[in-house]
Amino acid sequence: MPLYETVLIARNDISQQQVDAILDGIAAQIEADGGVVRKREYWGLRSLAYRIKKNRKGHYALLGLEARSELVKEIERQLALNEDVLRLLTLRVEEIDEAPSPVLSRKGDDRGDRGGFRGPKQAGGRFESGRGRRSGGEDRSSTAEQPADNAAAE
């Protein structure tokens, strides 16, 4: 049987248990037809790159499937009709990697770096860019007065 990887994005206002129920339904259909779910990952609630159906976040999940192509097409059709599923992508692959996906392995690595030292804090207000910064009106007036003082001293 051919191998497939399916990534789906579900609405953010449903719970993780409801996403698991959708994945369980897919797994039940595949196993009833004689296929196998080789990999199942929940990637969590993540920000979308752009709004999809007025949603800014979505629950991401990955499935590694071994199933007939007709069954995969039917599952895609049913998920497209499901209001909780925002997007769905299924690809045929040569093999399904049993190791955790790069999304999950990177997710664990990034968490430790967030609270670390970020360097010295820049002086200035919240909206200052730091380019061409002047420290007030004194610099202008002092540079303008210096030639006058030098002229008076001579």
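The dialogue below goes through a few features of this predicted model.

Q: What is a cavity, and how many of 30 Å³ or more does the structure hold?
A: On a 1 Å grid over the protein atoms alone, a cavity is a set of points where a 1.4 Å probe fits but cannot get out; lining residues have an atom within 4 Å of a point. Grid points are joined across faces, edges and corners, and a volume is the space filled by probe spheres set on the points. Here there is one cavity of 30 Å³ or more. The volume of the largest cavity is about 40 Å³.

Q: Which residues line the largest cavity?
A: The lining consists of Thr 6, Ile 26, Leu 63, Leu 65, Val 72, Ile 75, Glu 76, Leu 88 and Thr 90. Nonpolar means Ala, Val, Leu, Ile, Met, Phe, Trp, Tyr, Cys and Pro, charged means Asp, Glu, Lys and Arg, and the others, Gly among them, are polar. By these classes the lining has six nonpolar, two polar and one charged residues. Helices (H or I, at least four residues) and strands (E, at least two) are DSSP runs, numbered from the N terminus. Strand E3 (55-66), helix H2 (69-81) and strand E4 (85-93) each give at least two lining residues, and H2 gives the most, with three.

Q: Is Thr 6 buried or exposed?
A: Buried means under 20% relative accessible area, exposed over 50%, and partly exposed in between (1.4 Å probe, protein chains only). Thr 6, in strand E1 (residues 3-11), has a relative accessible area of 6%, so it is buried.

Q: Which side chain makes a polar contact with that of Thr 6?
A: A polar contact is a pair of N or O atoms within 3.5 Å; within protein, one must be able to donate a hydrogen and the other to accept it, and residues adjacent in sequence count only if both atoms are side-chain atoms. The side chain of Thr 6 is joined to that of Thr 90 by such a contact of 3.1 Å. Another case is Glu 66 in strand E3, whose side chain has a polar contact of 2.7 Å with that of Arg 38. Glu 66 counts as buried because its relative accessibility is 17%.

Q: What is a nonpolar core, and how many residues has the largest?
A: A nonpolar core is a set of buried Ala, Val, Leu, Ile, Met, Phe, Trp, Tyr and Cys residues joined through side-chain atoms within 4.5 Å. The largest has 18 residues, and Ile 22 and Ile 75 are among those with the most contacts inside it. E1, helix H1 (16-32), E3 and H2 each supply at least two residues of this core, with the largest share, five residues, coming from H1. Apart from it lies another core of eight residues, including Trp 43 and Tyr 60.

Q: Where does a positive phi occur in a residue other than glycine?
A: Most residues other than glycine have a negative phi. Lys 53 has a positive phi, near 50°, and Lys 54 has one of about 65°. Lys 53 lies in the loop between strand E2 (36-52) and E3, and Lys 54 is also found in the loop between E2 and E3. Lys 53 counts as exposed at 57% relative accessibility, as does Lys 54 at 79%.

Methods:
Residues are numbered from 1 along each chain as its sequence is written. This is a predicted model: local features need pLDDT of at least 70, side-chain atom pairs count only at pLDDT 80 or more; totals for chains, interfaces and linings use all residues. Side-chain values use heavy atoms; hydrogens and water are left out. On a 1 Å grid over the protein atoms alone, a cavity is a set of points where a 1.4 Å probe fits but cannot get out, and a pocket is an open set with protein on both sides within 12 Å along at least five of seven lines; lining residues have an atom within 4 Å of a point.
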